[in-house]
Amino acid sequence: MKRTKFCAGDIIHDDMKARAHVYVSGEVQGVYFRACTHDLAREIGVTGWVRNLYDGRVEAVFEGERERVQKMIDFCRHGPPGANVRGIEVKWENYKGEFSDFSIRWGWTR
């Protein structure tokens with residue numbers, strides 16, 4: 001965690017920010033996985049998106065403070081009540097800051 005000290009206080013650089021691309025497998029569609037992910041992300045201030053994939057998985061991209069992104073990943077490891085998560089793949093990527101909010105993307109994606 002880098003900080004640069006100025007007279008007015010600390011400037012926090014983007015290395016405190018994180019981006020994770022996540023794929024969740026198991027019984028994760030039809031159990032409000034996307035809705036609960038959306039609600040939690042907005043509650044804790046994470047941006048990005050979540051969507052269903054044609055193969056039954058859920059895909060998401062999370063951006064924000066590293067601790068908050070980790071909280072989203074931790075949620076994805078178990079999901080909402082009714083979900084049965086069998087696997088999760090997490091790809092850490094460079095923070096881009098490309099989102100202004102968190103959204104649910106609709107439609108099947110290959």
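The side chain of arginine 51 makes a polar contact with the side chain of glutamate 59, at 2.7 Å. A polar contact is a pair of N or O atoms within 3.5 Å; within protein, one must be able to donate a hydrogen and the other to accept it, and residues adjacent in sequence count only if both atoms are side-chain atoms. Arginine 51 lies in strand 4 and counts as buried, at 16% relative accessibility (buried: under 20% relative accessible area, exposed: over 50%, partly exposed: in between, with a 1.4 Å probe and protein chains only).

The model is predicted: local features need pLDDT of at least 70, side-chain atom pairs count only at pLDDT 80 or more, and totals for chains, interfaces and linings use all residues. Residues are numbered from 1 along each chain as its sequence is written, and side-chain values use heavy atoms, leaving out hydrogens and water.

Five strands form an open sheet in the order 6-3-5-4-7, with mixed pairing. Strand 6 (84–93) and strand 7 (102–104) stand at the edges with a single partner strand each, so one side of each is left without a neighbour in the sheet. From one strand to the next, the twist averages 15 degrees. Strands (E, at least two residues) and helices (H or I, at least four) are DSSP runs, numbered from the N terminus; two strands pair if DSSP finds at least two bridges between them.

Strand 4 (residues 47–52) pairs with strand 5 (residues 58–65) in the antiparallel sense over six bridges. Threonine 47 has glutamate 63 in strand 5 as its bridge partner.

Two helices pack on the sheet, as tabulated below.

| Helix | Strands touched | Angle between directions |
|---|---|---|
| Helix 1 (residues 33–44) | strand 3 (17–27), strand 4, strand 5, strand 6, strand 7 | about 170 degrees with strand 7 |
| Helix 2 (residues 66–76) | strand 3, strand 5, strand 6 | about 155 degrees with strand 5 |

Contact means heavy atoms within 4.5 Å. Axes are lines fitted to C-alpha atoms, for helices over the stretch in contact, and angles run from 0 to 180 degrees between N-to-C directions.
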